[in-house]
Amino acid sequence: MRTSRLVALTAVSALALAACGGGDEAADPNGEITLTINVFGDNFSLPDNRELYDEYERMHDNITIVENRSDIGTHHQNLQARLTAGSGTADLEVIEVGQVSGFIGQPDKFVNFNEQDVDTAQWTDSTIQRASTPDGSSLIGLPTDIGGLAICYRTDLFEAAGLPTDREAVSALWPTWEDYVATGDKFVEATPDVKWFDAAGHVFSGILGNEEETYYNAEGDLVVEDNQAVREAWDTSVQAIQNGQSAALPEFSPEWNTGFQQGQFATITCPAWMMGYIQANAADTAGKWDIATIPGGSGNWGGSYLSVPSQGANTEAAVELAKWLTAPEQNIKLFKTIGNFPSQTSTWTEPEVANYTSEFFSNAPAGKIFPASLEDAPAQIYGPQSTVIGTTFAGALNSVEQGTDPDEAWDAAMTDIKAAAGEG
Amino acid sequence: MSTDLDHRGASPEEESRRRPAGAPSPRRQRWRSRLYRLDLKGSPYLYIFPFFGLFAVFGLFPLVYTAVISTTPWSPRQPGSQDESIGLENYQNLLGDENFHNALINTFGIGLVSTVPQLLLALGIAHLLNYKLRGRLFLRMGVLVPYITSVAAVALIFNQIFARDFGLLNWFLQPFMENPIDWRAEKWSSWLAVSSMVIWHWTGYNALIYLAAMQTIPYELYESASIDGASRWQQFWYITIPSLRPTIIFTVIVSTIGALQLFAEPFLFDTTRNSNGGSERQFQTVVLYLYQQFWTNGRYGYAAAIAWTLFLVTVVIALVNFLLVRRIRSAED
């Protein structure tokens, strides 16, 4: 009797241990497949609108798509950790353009799209190169959208401050960023309760959007500290803060979201994808927004790639979905529903894109404004930690907004950047 | 334990009762007695094995592995870097790292501001709950509600309370202040905000522990004290506190360890979620700094060194704590 109890106990422990080590079995291609996709923003859907996934599920009866959203920092950190650990990634993972070069050093961890029958000629060379290994043999992600740059502004707040509201006239207010700051001075003088822009970090990103070399040079060295362009962008942003133009809302935070609803600021640096954020954050402000050209006339901020980690159980189905989601037709649809601008240059001249006007933004011709801003935009150079460096600058400018001495904030940012990216 | 003893007492009789009926061979009998000895000597180890097995896998192994990693420059962006060894260089760098010093100061600061009021408050609440009150069970369970609320939910509410632009607290302070307080901008204000979250979360838990201990104090002590003319306060100070000494030691040590490992509250209080603990690390704790170095900066080796340093600091602080708290009223024992 005692013996059997002992045996039973041992058996139970063994069973418990065995249960810990279960493995995934190979999936049947025609069986039910759940594809997971990890995103960091409104990449393919809005919080209340997943039309695109629904459409794909209707076309493929056996496929269910599950999207997980997190913020941009956490998203990329998790992806790196799960790649290192060898398990846990989603079937599809979005990678931001500022992070992608940190992942191309690990091409074996991703499905190589060069071997997946993709027509890479639909994108510009520089777009493809950014997600390719240096020798071009491996392409770890397909380009989704591209930022472009504009300034979104509140016509009602402009009117209250006695500024013009017509988008041509507004664009003429700021041929350069200095003019943008000078206009801001006039604005905050007229309506002291409303600020000129949301956060200085976004002015900073806007200015650098028109620079080819920012944090890294073409050789991949960290040049941020000695780059005059970065320092000038910093100084302009600091000037605007000191003139009382910033609402000092940390980017992508809940306070920032509230700022849209409460009309705490009149303008925002507006890549095409920002249109999605504005519409999602403050649906009640529909019709009060308009879009003007970016100071400097051109530039780009952001854009993403869709990758398929090779550790996934359903890479084949995932590749199909990735190809479909990044195809021109879907990119055009996303532009019209969310605002994300298609990365394929061929789509820009199609009437569906070129003639598109957004009702939310007072029928602004978004389909013309964004391609125009991209026409003369330089092919930006990104390094492995570009996004993290951008976030560090946003934080440092936020500390200036909170009252820190700008030079101290700059020095602290340099130390942080070296810690974040100095080791390669 | 008691069941174990029962078995031991019962089994020989059981054995002897069976023997005549079955009449087993001597060999079988030897086998049986060997099994019996094994059961007696071996089964206790088997019973505690699950704990030590799990501890080895989830406690000891990570501890040792972290120590190994801390001697490498491992970064996921540099293939092969996990196999290099740089000795104690990470620890050397850590000693001169101003951000680490800042994180240590923040951790101790927030730890003090949160632990001391929290335990005093818990003691007071426990004392009040120990009186004969109407709806006592309801009240006693009530103090536990903040504890069973998830930190994320607590942070959500406290972020609203301590918001700069449309915050509840700034709304209350409006008549007395010229400008709204930017709670995250200064060290003192952010420490206060983070500490208030910790206090909110843990006070009820500690109060219940104190209450449980208070109920074991014999009523006669209070009775004779009051016959001798001791006031309520004197009773609290000369009877309750000394009787609670082991419990106070326990809560102080547990709270201190918790304070040193503070992460969720400061992480969630920085609404940008970049684990910087404020725009210039106003409330970045050691674990938050560790998290940032590991996740955001991909410095696995450096983060491991932070983890081990924190472990050593925790052990030292816990010991100091223990020695200090042991002196509470010990002169009278």
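Let's start in chain A, where strand E3 (residues 92–96) and strand E9 (residues 303–307) run antiparallel and are joined by four bridges. Within this pair, Ile95(A) has Tyr305(A) of E9(A) as its bridge partner. Two strands count as paired if DSSP finds at least two bridges between them. Please keep in mind that this is a predicted model: local features need pLDDT of at least 70, side-chain atom pairs count only at pLDDT 80 or more, and totals for chains, interfaces and linings use all residues. Residues are numbered from 1 along each chain as its sequence is written, while chains are lettered from A and ligands numbered from 1 in the order in which they are written.

Now step back to the whole sheet. E3 and E9 belong to an open sheet of six strands in chain A, ordered E2-E1-E3-E9-E4-E10, with mixed pairing. Strand E2 (63–69) and strand E10 (341–342) of chain A each have a single partner strand, so one side of each has no neighbour in the sheet. Helix H13 (residues 315–325) of chain A packs on this sheet and touches E1, E2, E3, E4 and E9 of chain A. The direction of H13 makes about 50 degrees with that of E1(A), where axes are lines fitted to C-alpha atoms, for helices over the stretch in contact, and angles run from 0 to 180 degrees between N-to-C directions.

Chain A has another open sheet, in which four strands follow the order E6-E7-E5-E8 with mixed pairing. Its edge strands, E6 (195–197) and E8 (289–293) of chain A, each pair on one side only. From one strand to the next, the twist averages 20 degrees. Strand E5 (residues 150–154) of chain A is antiparallel to strand E7 (residues 265–269) of chain A, with three bridges between them, and E5(A) also runs antiparallel to E8(A), joined by five bridges. Cys152(A) stands opposite Ile268(A) in E7(A) and opposite Ile291(A) in E8(A). Five of the five residues of E8(A) are buried, so this strand is largely enclosed by the rest of the structure. A residue is buried if 20 or more other C-beta atoms, placed from the backbone, lie within 10 Å of its own, exposed if 12 or fewer, and partly exposed in between.

What about the cores? A nonpolar core is a set of buried Ala, Val, Leu, Ile, Met, Phe, Trp, Tyr and Cys residues joined through C-beta atoms within 7 Å. The largest one has 119 residues, and those with the most contacts inside it include Leu92(A), Cys152(A) and Ile291(A). It draws at least three residues from each of domain 1 (33–146 + 303–345) and domain 2 (150–300 + 355–421) of chain A, with bounds from an automatic or database domain assignment. Leaving aside neighbours within four places in sequence, the contacts of Leu92(A) include Leu35(A), Leu306(A) and Ala322(A); contact means C-beta atoms, placed from the backbone, within 7 Å. Apart from this core lies another of 36 residues, among them Ala193(B) and Phe294(B).

Finally, look at where the chains meet: 33 residues of chain A and 26 residues of chain B take part in the contact.

Conventions:
Two residues are in contact if their C-beta atoms, placed from the backbone, lie within 7 Å. Helices (H or I, at least four residues) and strands (E, at least two) are DSSP runs, numbered from the N terminus.
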